[in-house]
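Keep the structure open beside you as you read.

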Amino acid sequence: MASDLHIHTTFSDGRYTPEVVVHMAKEAGLHYMAITDHDTVDGIAALYEKGLYPCKSIHIIPGIEFSAHHPTYEIHILGYNIDIYYGELVERLNDVREARWARFAEMVEKIQALGYQLTEAEVMKVAGSSKSISRSHIARVLVKKGYFETVRQAFDEILAKGRPAYVPHYRLSIEEITELIRSAGGTPVLAHPKLIGDEELVKKLAGSGMFDGLEVFYPRNDAEDTKRYLALAEQYGLMVSGGSDFHGFPTRYPQELGVFTIDDIWAEKFYRPTKKIG
């Protein structure tokens, strides 16, 4: 059977609610799945509080995707099997959330100064239930209003690091994130290493001892990338992870769950059926 350990919901920048995502995963025949919203565990909490997690018909792994501070590169870190009610985790995520709101307001001001007609209310409407407002939400509004053809174009022209509307935001360091994940009982994994854009840095991080796993399987990897990261994981004794990075939007591959998956042999190593919540 197949699995997917990298999925986003409406609680960050995904299109579908956690409930719908779980239903879609079941329909796709997934055996293991991980919800890994950006800088929040609210999606997993919502499932738990509605009695939908744990789930007998599919193995759900509680996760998160952190954005780490780095002076040059975008580095993301996945955390699997975290205690979503662990006190320090909740406190640090509140800090990150508050900083995101301040950053959001500043970015909207910059975008308006560039001549684009955009309001905070328009972005918040698109964000829906998400408390983790991101550049993706802003980009989707700009595309909807006809300023750009795609979200990627909006990023490339004004929203990406170094572009005119970019605003740096508060991020925990790589060391802080990996330690926080472990303190919350979880497994820290270096996400989509190819997207970092510096293979020497990837090798350094993989061998740093800060990570327990590496996201080897990813939609934007070609066969050579996958082979290289498998070898890197083996070299440093790292667990092998992978997933679709599913957001559910028609302009972003994959558009459906189950299109990009990994074998259960990799996913089952991350699953802890006796994991206690709270």
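Across the whole structure, a search finds 15 salt bridges, each being a side-chain nitrogen of Lys or Arg within 4 Å of a carboxyl oxygen of Asp or Glu. This is a predicted model, where local features need pLDDT of at least 70, side-chain atom pairs count only at pLDDT 80 or more, and totals for chains, interfaces and linings use all residues. Residues are numbered from 1 along each chain as its sequence is written, and side-chain values use heavy atoms, leaving out hydrogens and water.

| Salt bridge | N to O distance |
|---|---|
| Lys50 and Glu19 | 2.3 Å |
| Arg152 and Asp156 | 3.9 Å |
| Arg228 and Glu199 | 3.1 Å |

Arg152 and Asp156 sit four residues apart in helix 6 (residues 151-159), so about one helical turn separates them. Arg152 is partly exposed at 48% relative accessible area (buried means under 20%, exposed over 50%, partly exposed in between, with a 1.4 Å probe and protein chains only).

Arg228 forms its salt bridge with Glu199. Arg228 belongs to helix 9 (residues 223-235) and Glu199 to helix 8 (residues 199-206), so the pair ties together parts 29 residues apart in sequence. Salt bridges with shared partners join Lys194, Glu199, Asp225 and Arg228 into one network.

Now for the helix contact. Helix 3 (residues 87-113) passes helix 5 (residues 135-144) in a right-handed crossing, meaning that the near helix is turned clockwise from the far one by less than a right angle. Arg103, Phe104, Met107 and Ile111 of helix 3 meet Arg135, Ile138 and Leu142 of helix 5, contact meaning heavy atoms within 4.5 Å.

Methods. Axes are lines fitted to C-alpha atoms, for helices over the stretch in contact, and angles run from 0 to 180 degrees between N-to-C directions. Helices (H or I, at least four residues) and strands (E, at least two) are DSSP runs, numbered from the N terminus.
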